Amino acid sequence: MNENLREISFRNLVSEISDTGYLTHSIHYYPAKFIPQAVKYCISRYSKEGDIVIDPFAGSGTVGLEAVLENRSTYLLDLNPMLNHIIPLKIPTIKTYLSQTKLYEYIEQILESDTSFVPDWSKIDYWYPIEFLNRIQKLWGGLNNLHNSTYKLIIESSLLRISKKYSYAEHKVPKLFRSKRKIEQINTLAKKRWYKSLILDLYSLSSETLQKVNQTVDLLKNRKINIFFKGGVDSSTYNYGKEDSFDLLVSSPPYLQAQEYIRTAKLDLYWLGYSEAQIKELTKLEIPYRKPTEIISTPSLDALKEKIERKDLIELVDSYFCHTLNTFKNAMYHIKDGGIICIFIGNPKVDGEEVEIWKIFREYFEKLDFKLIEVLEDKIVTRQLFSSRNNKNPEGMKSEFMLIMRKN
C-alpha cells in the first residue's frame, strides 16, 4: 500500500454534518455533488478565517457554502451557467427571515397570470404532453413577471424540479432522457387531476425550500459574506485578475466518461431562458466533444494509454486530462506560496482498465512544484447506478480519493 495513502471516512471525521443535503445543499438537483463533509474537512484543516478558497469546478456550489460557513471568502467558476442561478439562493445574503405568507402571495400572483413563457427550444414538445406543456409555460410566464427577490428564487428552484417531474424525462437519475416507464407514468397521470397535484407540489417544495433558506440565513446573518461566482465560463482559459490570489483550492472535477453536465441540465437551462444557440456553444466546451490542445504525459498516464486498445477512448483520455489539468493549472498559478490544493476524485475504468486519476494529477502537479502532503481514501457509501447498463465496471467505483498537496 502507498505510504502516503490513508483510508478514512469523511462522514466520520466530520460527524457534525449528519445529512449531506443539510441547509441549502439540496434545494437544486445536481449530479455527482461534492459531499460537504469532505469540503468542510479541507477548509477547516488547511485554511484560516479570512482566507480565500477557490473551486474552478464549482458545480452546485458546495465549496462556496461550506467556505462562508467557516468565515472564508470564496471564488467559484463553472462551465455550467446553472451556477449563476444556484448561488444567490444557496448562499443567501439577506439578514431577515422570509415569510411563508408572503411566499404564498407570490405563488398566487403566478397562478393568476395570463402570460406564457415559451422556451427557445425546437424540441420542447418532445418532453411533455401538450396540455402539461401549456400549463407549465404559464407558470414560468407568471414567474418571469415577478420582480427579483429571494422569494422569486425559491419558487424558481421549485418550478425547475416540478418542470422535470411532470415531463417525460426521468427526474431521479443524472442523465436527461425519456424512458418508457416515465411516459407511461405521465400518460396515466394525465387522466387524473394532475394539475392540482402539480400546484400542491409547487406550494410544498417552495415551503420546504423557504425553511432551508431561513435555516441558512440564521447561520450566516452575523457573517461577512465575500463571494465571487461566475457560471457559463471555461475555467481552463478563464482570465483571472492579476490581483487574484488564493489560499486554498478545494475541488471535485468531472469524472472521466461522466462530464456531460450541460446536457444533463438542458431542460432546466431552457426554462431559465437560455437559447439553443447558447446551449450548443456551451456543449461544445464539454470534455467529450472537445479536442485536446496538448497531450499530457506522466508515467502513470502513459502506462495506462498503452493498455487501452480503442482509439476513441485514448482520445477521450487525452481530452479529459488536457482540459481538466489546464483548468487546475490556470487556478493554481494564483495559489499563494505555501497554499494548499485538495482535489477529490474517484478511479473510474476505461476499457476495463482502472484509471488512478489522483496519481496522474499528483505526477503532473509535482512538475509544477507542488509537494504531496497525503492522499485520503474515502469508501463510497451511496451511489446511483443504472442496473441495466452494459459496461466493464457494472458496480461503479468503490472509493474516492482526496489528493492534498502544498505549493512550494
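In this predicted model, helix α5 and helix α7 pack against each other at a crossing of roughly 65 degrees. Their axes come within 10 Å. Helix α5 covers residues 100-112, and helix α7 covers residues 150-165. The crossing is right-handed. From α5, the contact draws on Lys-102, Leu-103, Tyr-106, Ile-107 and Ile-110. From α7 come Tyr-151, Ile-154 and Ile-155. Seven of the contact residues are nonpolar, none is polar and one is charged.

Turn next to the sheet. Strands of a sheet pair through backbone hydrogen bonds, either parallel or antiparallel. Here eight strands form an open sheet with mixed pairing. Read across, the order is β1-β9-β10-β6-β5-β2-β3-β4. Which strands stand at the edges? They are β1 (5-8) and β4 (227-231). Each has a single partner strand, so one side of each is left without a neighbour in the sheet. From one strand to the next, the twist averages 15 degrees.

Strand β9 spans residues 370-379, and strand β10 spans residues 399-407. The two run antiparallel and are joined by nine bridges. Along this pairing, Val-375 stands opposite Leu-403 of β10. Helix α15, residues 357-367, packs on the sheet. It touches β1, β6, β9 and β10. The direction of α15 makes about 10 degrees with that of β10.

Now consider the empty space. Rolling a probe the size of a water molecule over the atoms shows where such space is left. How many cavities of 30 Å³ or more does the structure hold? There are two. Helices α3 (62-69), α10 (261-264) and α14 (311-332) each supply at least two lining residues. The largest share comes from α14, with three residues. By class, the lining of the largest cavity has 17 nonpolar, twelve polar and six charged residues.

The second largest cavity has a volume of about 70 Å³. Its lining includes Tyr-29, Tyr-30 and Pro-31. Asn-80, Met-82 and Lys-164 are also among the lining residues. Tyr-261, Thr-264, Ala-265 and Asp-268 belong to the lining too. The lining of the second largest cavity divides into six nonpolar, two polar and two charged residues.

Finally, look at the second largest pocket. Its volume is about 290 Å³. Thirteen residues line it, and the closest to its centre are Trp-121, Lys-123, Arg-263, Lys-266 and Tyr-270. Helices α11 (266-271) and α12 (276-284) each supply at least two residues of this lining. Which helix gives the most? That is α12, with four residues. By class, the pocket lining has seven nonpolar, one polar and five charged residues.

Methods. Residues numbered from 1 in each chain as written. Predicted model: local features only at pLDDT ≥ 70, side-chain atom pairs only at ≥ 80, totals over all residues. Heavy atoms only, no water. 1 Å grid on protein atoms, 1.4 Å probe; cavity = no way out; pocket = protein on both sides within 12 Å on 5 of 7 lines; lining within 4 Å. Points joined across faces, edges and corners; volume = space filled by probe spheres on them. Nonpolar A, V, L, I, M, F, W, Y, C, P; charged D, E, K, R; others polar. Pairing = 2+ DSSP bridges. Axes fitted to C-alpha atoms, helices over the stretch in contact; angles between N-to-C directions. Contact = heavy atoms within 4.5 Å. Left-handed = near helix turned anticlockwise from the far one by under 90°.
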